[in-house]
Amino acid sequence: MGRPSKGRQRIEIRLIKDADRLEVTFSKRKSGLLKKASELSLLCGAHVAFIVFSPGGRAFALGTPSVDHVLRRFDPLPGDEDEADLLALVQDGDSVSAVADRAAVEAIVRRTEETKALVAAEKDRMDAVGEKVRQAMAKAGGKFWWEADVEALGEAELPEFARALRRLRDNVQRHVDLLSVPA
């Protein structure tokens with residue numbers, strides 16, 4: 001197993017010099033900020049624009065209803081005067097538009113949560129299949145996963161095992177083809 005986690009600790013807020021730690025910290029904190037911005041929009045009906053650039057220069061953005069929409073409310077482009085007037089009406093109490101925006105955001109968040117739940121369920125299912133294959137491999141006394149005793153696998157595991165064997169066969173064939181190509 002790995003070394004035990006040191007848990008949640010306070011850190012000194014200063015520039016991180018180590019490139020690997022910098023990337024990990026940026027990734028974790030960025031996802032936390034994106035989640036908070038999304039929650040603020042959902043809970044309060046606020047229009048939110050969030051843009052952050054990674055240390056590598058890559059841009060990440062979140063906007064509800066869109067980054068462009070929120071930025072144009074803040075600073076309309078030349079020629080957007082009609083849109084600015086419409087936005088002023090919306091801000092002055094056109095609750096129908098705000099309710100529609102909020103409903104759209106809620107639907108997106110709901111679909112996102114459902115998708116996350118499906119992904120988690122599929123990961124759990126695949127972990128269970130992997131464990132069953134490891135048990136079948138141990139029972140057969142093999143060293144490799146493809147030596148698993150297929151008789152020990154159930155109906156849920158066999159299709160995944162067959163798919164994995166096909167992927168292995170295709171990868172081996174691709175490697176053979178690369179090695180047999182005359183130079």
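**Figure 1. Overview of the protein chain.** Buried residues account for 15% of the 183 residues in the protein chain, where buried denotes a relative accessible area under 20%, exposed over 50% and partly exposed in between (1.4 Å probe, protein chains only). This is a predicted model, in which local features need pLDDT of at least 70 and side-chain atom pairs count only at pLDDT 80 or more, whereas totals for chains, interfaces and linings use all residues. Residues are numbered from 1 along each chain as its sequence is written, and side-chain values use heavy atoms, with hydrogens and water left out. The protein chain contains five helices and two strands, in the order α-β-β-α-α-α-α from the N terminus. Helices (H or I, at least four residues) and strands (E, at least two) are DSSP runs, numbered from the N terminus. The accessible surface of the protein chain is about 14,600 Å², and carbon and sulfur atoms hold 58% of this surface; such areas come from the Shrake-Rupley method with a 1.4 Å probe, and for residues only the protein chains shown count as cover. Of the contacts in the protein chain between residues at least 6 apart in sequence, 29% connect residues at least 24 apart. A contact requires heavy atoms within 4.5 Å.

**Figure 2. The largest nonpolar core.** Seven residues form the largest nonpolar core: Val129, Val133, Ala136, Met137, Ala148, Leu153 and Phe161. Helix 4 (residues 95–140) gives the most to this core, namely four residues. A nonpolar core is a set of buried Ala, Val, Leu, Ile, Met, Phe, Trp, Tyr and Cys residues joined through side-chain atoms within 4.5 Å. In soluble globular proteins, nonpolar side chains tend to be buried together. With residues up to four places away in sequence not counted, Met137 touches Gly142, Lys143, Phe144, Trp145, Ala148 and Asp149.

**Figure 3. Surroundings of Leu153.** Leu153 is located in the loop between helix 4 and helix 5. Its relative accessibility is 7%, so Leu153 counts as buried. When neighbours within four places in sequence are left aside, Leu153 is in contact with Lys132, Val133, Ala136, Leu158 and Phe161. The C-alpha atoms of Leu153 and Gln135 are 9.0 Å apart in space, while the two residues are 18 residues apart in sequence.

**Figure 4. Polar contacts of Glu160.** Glu160 belongs to helix 5 (residues 157–180) and, because its relative accessibility is 13%, counts as buried. Its side chain makes a polar contact with the side chain of Arg125 at 2.9 Å and with the side chain of Arg163 at 2.6 Å. A polar contact is a pair of N or O atoms within 3.5 Å; within protein, one must be able to donate a hydrogen and the other to accept it, and residues adjacent in sequence count only if both atoms are side-chain atoms. Apart from neighbours within four places in sequence, Glu160 is in contact with Arg125, Met126 and Val129.

**Figure 5. The aromatic pair of Phe26 and Phe60.** The structure holds one aromatic pair. The ring centres of Phe26 and Phe60 are 6.1 Å apart and the planes stand at 50°, so the pair is tilted. Rings of Phe, Tyr and Trp (its six-membered ring) pair if their centres lie within 6.5 Å; planes under 30 degrees apart count as stacked, over 60 as edge-to-face and the rest as tilted. The pair links distant parts of the chain, with Phe26 in helix 1 (residues 19–44) and Phe60 in strand 2 (residues 59–64), 34 residues apart. Both Phe26 and Phe60 are buried. Lys30 lies over the face of Phe60, 3.7 Å from the ring centre; the criterion is NZ of Lys or CZ of Arg within 6 Å of the ring centre and within 35 degrees of the ring normal.

**Figure 6. The cis peptide bond at Thr64 and Pro65.** Thr64 and Pro65 are joined by a cis peptide bond, with omega about 0°. Most residues other than glycine have a negative phi, and most peptide bonds are trans. Thr64 lies in strand 2, and Pro65 in the loop between strand 2 and helix 2. Thr64 has a relative accessible area of 11% and is therefore buried. The side chains of Thr64 and Ser41 are joined by a polar contact of 2.7 Å. With residues up to four places away in sequence not counted, Thr64 touches Ser41, Ala46, His47, Val48, Val70 and Val105.

**Figure 7. Asp68 in helix 2.** Asp68 is found in helix 2 (residues 67–74) and is partly exposed, its relative accessible area being 46%. Asp68 and Ala49 are 8.2 Å apart in space, C-alpha to C-alpha, and 19 residues apart in sequence.
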